[in-house]
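Me: I would like the labels applied to a structure set against their cut-offs. Please show the model.

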Amino acid sequence: MRDLSAATEITGVQPSNSQHAPNKKWIIFTALIMIGLHFGLRAWGTVSSWFFADDLMFLGVGNSGDGTIGWIFGSHNVHIMPIGRGLAVTPSWFDGYPWWLAATEILVMVVLAAFALLWMLKTIFGYRWGILIPLAVFLFNPLTAPATV
């Protein structure tokens, strides 16, 4: 390997093959702050919400005991969503349809999605400041709010 210390000393720029990668801990710290803000906004919107439209249908099916395997894997408005149906029926197992349980499910899935995107961006592009841009678009895009509020 060539000694590039003289070039670095003159230009003040580290060569691309140096041991000095972008400051990984600050990129992770910034991403975690962004995910925390995202969680706070979603929690604020979700906790004060309530069941809506097809949620009530799913709860009714779960409460009536008709939530068979065939129903879970069946079509709903041309969507096959067994995990979604399974999660939607869960609050019907308790008296009074507890919103806190549904809100917890939503918030856990939101955080898992955020960390999955961060992991994907880190895997594809490495630790670069640029990975925070698509992460911010995903986290703070208002188009996802109706799905979780």
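Reply: The labels are taken up below, each with its definition.

This is a predicted model, in which local features need pLDDT of at least 70, side-chain atom pairs count only at pLDDT 80 or more, and totals for chains, interfaces and linings use all residues. Residues are numbered from 1 along each chain as its sequence is written, and side-chain values use heavy atoms, with hydrogens and water left out.

Me: What makes up the pattern of the protein chain?

Reply: Helices are DSSP runs of H or I with at least four residues, strands are runs of E with at least two, and both are numbered from the N terminus. The protein chain has eight helices and two strands, in the order α-α-α-α-β-β-α-α-α-α.

Me: How does the span of helix H2 stand against the expected value?

Reply: The expected span is 1.5 Å times one less than the number of residues. H2 (residues 24–47) has 24 residues and reaches 34 Å from first C-alpha to last, close to the 34 Å expected.

Me: Why is histidine 38 called buried?

Reply: Buried means under 20% relative accessible area (exposed is over 50%, partly exposed in between; 1.4 Å probe, protein chains only). Histidine 38 has 4% relative accessibility, so it counts as buried. This residue is found in helix H2, where Ile27, Ala31 and Met34 are among the other buried residues.

Me: Which residues does histidine 38 contact, leaving aside its neighbours within four places in sequence?

Reply: Contact means heavy atoms within 4.5 Å. On that basis histidine 38 is in contact with Val110, Leu139 and Phe140.
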